Amino acid sequence: MMNVTQTSTAKPSLLRAMNRWDLTGLAINGIIGAGIFGLPSTAAAMLGAASPIAFVLCALIVYLVVLCFAEAASRFTETGGPYLYARAIFGSFIGFEVGWSAWVARLSAFAANSNVMIAYLGFFVPQVTSGLPRTGVLIAVNAALALINIRGVRISALVGDIFAGTKVLGLLLFAMIGLFFVDWKVFSAAAIPANANWGGAILVLFYAFTGFEATVVPAAEAKRPRSDMGQALILAMGIAAVTYVSIQVVALGTLPNLAESQRPLADAGRNFLGPIAGGAISLVACISILGNLSNIALICPRLTYAFAERRDFPAFFGRLHRRFDTPVGSIVFFAVIASILAISGTFLWLATVSVVARLVNYLVTCLAVPILQKRSPEGRDYRILFGPVGPIAGVGLCVWLAMQSALRDVFAFGVACLVGAVLYMARPRSEIL
């Protein structure tokens, strides 16, 4: 494998500046976004008092996939993540489709979460929820994240660390204070609904745990990618799982009509802390979403950079800033497209694509791990116990979850794959290896 660490004779390359804690912050920002501020009511409507169990089961399922990513990441030092793993095992076309689906999924999430952030900002400044103020805020946020990103991955990582620490602290404070006000009779007296849809509930909650996969993409900018990636993923997933389960317990135990709430955390906080809690939770939501947006703004340009680095995309996307050694072409392109989608609202159909697209990324990575284990039994800093058993279980769980998806989501993903195939085939012949 090619090592992209800079040397005096090599062409300009990405700088290795992120440590293990930066990667952990990146993973936390990827996982904890906008979903946890709405999912507690959805889970309660589907499973009632048993909904915390669904969060635990979902965390265990995702943990299997995280272990596969940890082992795959310990074998590579270049930029690309799932795109790179699939390309190494299944060839350039499959690799590109996997990378393309990951890019589309993250782009749509950025556009959707930008508008969720606007909704929560409206709690403080109602004027920003529509018209020119809305457009101005969306462009300003995108431009600010792009400038931070261009200035260097170390600055981007530091900003991400601040967002990650603040959001986790805010959510854990909500959970810890709320535990003193929980009515525990809710859990002892309530029964699981007779028509409980566990598969559907776990599928919905599954996406509250997604986003960790983005952490492995900027491996070429990590100081010790082989050893640090896996540890960062496992630590971040543990923090997210504890946070989510605690929040669900508090929401259930402090808000009697949780299943009907549109803003479950704000309503629950208002119940046990008073009116000031609504503003506090809205502020935490804005910080959480901004952290998620900063994560995506860092990751997505690295994917198109990785495409260009292997000549699966035009060379423009592989251009580095002369001073900061960041993929400026890819950063600017992402900022422009993300702004257009967020402002126009046409991102809605892409949001359905992200559901299946992420599962495909997980499935392909799980499939790649046993092959990597067979091809190079050593060559790794992290190893899954019991050989291929974990990856095979991960594949089975991804297939099961995909079967819970609506046909329209699968169709939308197929359309996105077709667009990716056209882009792949239409790339300039001079750019093809």
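1. Which residues have the most contacts inside the largest nonpolar core? In this predicted model, they are Ile-32, Phe-37, Phe-209, Phe-212 and Phe-334, and the core to which they belong has 118 residues. Helix H12 gives the most to this core, contributing 15 residues, while another core, lying apart from it, has 5 residues, among them Ile-150, Phe-324, Ile-331 and Ala-335.

2. Phe-212 deserves a separate look. When its neighbours within four places in sequence are left aside, Phe-212 is in contact with Ile-31, Val-62, Val-65, Val-66, Phe-69, Leu-233, Met-237 and Tyr-362.

3. On the chain as a whole, there are 16 helices and 0 strands, and buried residues make up 57% of the 433 residues. Of the contacts with a separation of 6 or more, 83% are accounted for by residues 24 or more positions apart. The chain exposes about 17600 Å², of which carbon and sulfur atoms supply 69%.

4. The largest pocket has a volume of about 860 Å³, and of the 31 residues that line it, Ala-34, Gly-35, Ala-112, Asn-113 and Tyr-207 are the closest to its centre. By residue class, the lining of this pocket divides into 18 nonpolar, 10 polar and 3 charged residues.

5. As to where the lining of the largest pocket comes from, at least two residues each are supplied by H1 (20-31), H5 (92-121), H9 (198-206), H12 (276-309) and H14 (348-375).

Conventions: Residues are numbered from 1 along each chain as its sequence is written. This is a predicted model: local features need pLDDT of at least 70, side-chain atom pairs count only at pLDDT 80 or more; totals for chains, interfaces and linings use all residues. Side-chain values use heavy atoms; hydrogens and water are left out. On a 1 Å grid over the protein atoms alone, a cavity is a set of points where a 1.4 Å probe fits but cannot get out, and a pocket is an open set with protein on both sides within 12 Å along at least five of seven lines; lining residues have an atom within 4 Å of a point. Grid points are joined across faces, edges and corners, and a volume is the space filled by probe spheres set on the points. Helices (H or I, at least four residues) and strands (E, at least two) are DSSP runs, numbered from the N terminus. Ala, Val, Leu, Ile, Met, Phe, Trp, Tyr, Cys and Pro count as nonpolar, Asp, Glu, Lys and Arg as charged, and the others, Gly among them, as polar. A nonpolar core is a set of buried Ala, Val, Leu, Ile, Met, Phe, Trp, Tyr and Cys residues joined through side-chain atoms within 4.5 Å. Buried means under 20% relative accessible area, exposed over 50%, partly exposed in between (1.4 Å probe, protein chains only). Contact means heavy atoms within 4.5 Å. Accessible areas come from the Shrake-Rupley method with a 1.4 Å probe; for residues, only the protein chains shown count as cover.
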